[in-house]
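Work through these exercises with the structure open beside you. Try each task before you read its solution.

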Amino acid sequence: MTHLLFAEGNFLEVISVNFWQMIISILNLVILYLILKKFLFKPVKRTLEARRQQVDDLYSSAETAKTEAEAARVEYAAKLDRAEESAREIVSDATRRANERAEEIVGEAKTEADRLRRRADEEIAQERKKALNEVKNEISDISVEIAEKVVGREIREEDHREMIDSFIRDLEDESRV
Amino acid sequence: MRKTEPTKTETIARDADEAPISRRDRFLTRLWFVLMLLPLVGGMLLNLFLTPPSEGITVTGAQIYFTLRLPFENLPAPIRDLPITESQVNSALVLLFLLFFCLFLTQGLRTRGKSARQVLAEFIVEKVEGFVSSTMGDGYSSFPPFVCAILMLSAFSSLLSLLGLYAPTSDINVVGGWAILVFFMITHYKLKAGFGSYVKGFLEPIPVLAPFNVLSEFSTPISMAFRHYGNVMSGGVIATLVYAALAALSTAVFGWLPGFLGDIPFFQIGLPAVLSIYFDLFSGCLQAFIFAMLTMLYISLAAPEKESA
């Protein structure tokens with residue numbers, strides 16, 4: 001059943017040398033060499049090369065990125081320093097100005113207070129003077145009246161006013177002391 | 001925020017690998033896989049239909065399918081006749097298998113590919129290149145495919161016997177052809193140093209030894225061929241003998257069993273598989289390795305000393 005085509009199987013001897021079979025064998029090896037070269041080694045090596053290239057690219061771009069990041073870091077550090085500096089300046093400036101302003105305000109207030117006090121003093125003094133004059137006049141009037149009553153005759157007001165005034169002045173001086 | 005503005009590195013990574021595997025790639029991969037298996041299946045069918053059942057213990061060479069006769073009557077018979085045998089057919093099947101195997105492995109390679117096929121393809125290429133450069137040194141960049149061809153053709157030819165096919169490597173003509181090719185390459189590299197020094201090489205260390213030097217020159221390919229051929233063929237012979245012995249033993253021990261049970265060669269189960277692992281798998285691969293190794297050694301010895309760059 002199995003040997004449909006060959007009624008009697010023809011076999012080579014165990015060792016039989018044939019020229020053409022060797023040539024075919026050599027050609028087979030050469031053909032396989034070409035097959036492997038073209039269909040296995042070439043594509044795989046191309047892929048490996050592409051991968052190497054890609055890794056190189058990645059490395060170089062990583063290098064660039066690292067350099068850039070470092071530059072950015074330095075730049076930002078410098079910026080931060082400057083910002084801190086200026087913040088300090090702003091704060092100290094503001095403090096200084098605030099102090100100045102405060103002093104100014106206090107000074108103004110003091111001046112105003114002084115002015116107000118002076119005016120009040122003046123007013124008080126004036127009022128007092130006025131009151132004193134009034135009292136003085138009243139006293140001298142009363143004195144003249146009393147004296148008239150005592151003396152019984154009319155005293156010439158003009159004659160004695162000078163004397164009474166000096167008397168009141170003395171009184172004032174004593175009371176002040 | 002990073003999503004909307006990919007950096008350069010992210011773009012590179014994306015280009016090559018985030019593209020999905022195309023339908024074409026997938027289709028071709030399957031096609032190569034099927035085409036890769038076809039020669040093996042075809043070989044088994046051929047074997048099934050064309051090989052007559054053997055009677056008794058016969059140790060023969062390859063089966064002759066048909067004989068081509070060159071139309072030159074005055075040529076001597078060995079040159080005029082070209083018997084097409086199992087060796088030639090099976091070698092062609094191995095070639096076809098390896099062709100589609102390569103296409104299968106390298107279909108849709110990617111820079112960042114991690115598929116098993118790609119890993120295997122890169123493994124083969126890198127191992128063979130490392131093997132060649134460690135044995136021969138630098139400067140033989142065209143050799144890895146050749147060494148790989150020897151390794152694969154030899155190993156897969158021997159491994160055909162695992163499928164029950166005739167291993168082309170157990171035909172002296174096949175291995176002899178390779179050895180002759182290697183011999184020519186050795187001579188080519190020796191001639192590179194100049195014809196004078198090639199001839200002078202035979203007269204060393206003393207001119208009296210010249211005949212022996214010539215003899216040893218020609219014994220190189222012969223020993224290579226016979227070593228390989230003998231190992232594979234003897235494996236086949238031993239397997240045949242063991243099979244026959246086990247069949248006889250089975251008949252002797254279990255022959256009394258009624259009906260077809262008595263005809264089953266029970267002892268053929270198990271032991272031949274172990275033998276096959278040694279003779280087909282181990283010995284076949286080992287001989288392929290030895291043949292490739294010797295090729296590289298002889299050629300690198302033959303090559304003139306490289307000018308130190």
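The exercises below use a predicted model, and each solution goes step by step.

**Exercise 1. Shape of chain A**

Task: Decide whether chain A is compact or spread out, using its radius of gyration.

Solution: 
- Start with the elements. Chain A has 2 helices and 0 strands.
- Take the radius of gyration next. For chain A it is 65 Å.
- Compare it with the globule rule. For 177 residues the rule gives 16 Å, and the value for chain A is well over that, so chain A is more spread out than a compact globule.
- Look at the box. Along the principal axes, the C-alpha atoms of chain A fill roughly 200 × 40 × 20 Å.
- Of the 177 residues in chain A, 10% are buried.

**Exercise 2. Where the chains touch**

Task: Find which element of chain B gives the most residues to the side that touches chain A.

Solution: 
- Count both sides. Chain B brings 53 residues to the contact and chain A brings 46.
- List the suppliers. Elements of chain B that each supply at least two residues include helix 1 (8-17), helix 2 (23-50), strand 2 (81-85) and helix 7 (172-192).
- Pick the top one. Helix 4 of chain B gives the most, with 10 residues.
- Sort the side of chain B by class. It has 37 nonpolar, 14 polar and 2 charged residues.

**Exercise 3. Helix 4 of chain B**

Task: Check the span of helix 4 of chain B against 1.5 Å a residue, then state how many of its residues are buried.

Solution: 
- Apply the burial cut-off: a buried residue has 20 or more other C-beta atoms within 10 Å of its own. In helix 4 of chain B, 19 of the 21 residues are buried, so the helix is largely enclosed by the rest of the structure.

**Exercise 4. A strand pair**

Task: Is strand 1 of chain B largely enclosed or largely in the open?

Solution: 
- Count buried residues. Of the 6 residues of strand 1 (residues 64-69) of chain B, 0 are buried, so the strand lies largely in the open.
- Find its pairing. Strand 1 and strand 2 of chain B pair in the antiparallel sense over 5 bridges.
- Pick a bridge. I64(B) has T85(B) in strand 2 of chain B as its bridge partner.

**Exercise 5. Sequence and space**

Task: State the C-alpha separation for I238(B) with V59(B), then for L257(B) with E86(B).

Solution: 
- Take the first pair. I238(B) and V59(B) are 179 residues apart along the chain, and their C-alpha atoms are separated by 9.9 Å.
- Take the second pair. L257(B) and E86(B) are 171 residues apart in sequence and 38 Å apart in space.
- I238(B) has 13 C-beta neighbours inside 10 Å, so it counts as partly exposed. L257(B) has 13 C-beta neighbours inside 10 Å, so it counts as partly exposed.

Terms used:
Residues numbered from 1 in each chain as written. Chains lettered and ligands numbered in written order. Predicted model: local features only at pLDDT ≥ 70, side-chain atom pairs only at ≥ 80, totals over all residues. Helix = DSSP H or I, 4+ residues; strand = E, 2+ residues; numbered from the N terminus. Rg over C-alpha atoms; globule rule 2.2 N^0.38 Å. Buried ≥ 20, exposed ≤ 12 C-beta atoms within 10 Å, placed from the backbone. Contact = placed C-beta atoms within 7 Å. Nonpolar A, V, L, I, M, F, W, Y, C, P; charged D, E, K, R; others polar. Expected span 1.5 Å × (residues − 1). Pairing = 2+ DSSP bridges.
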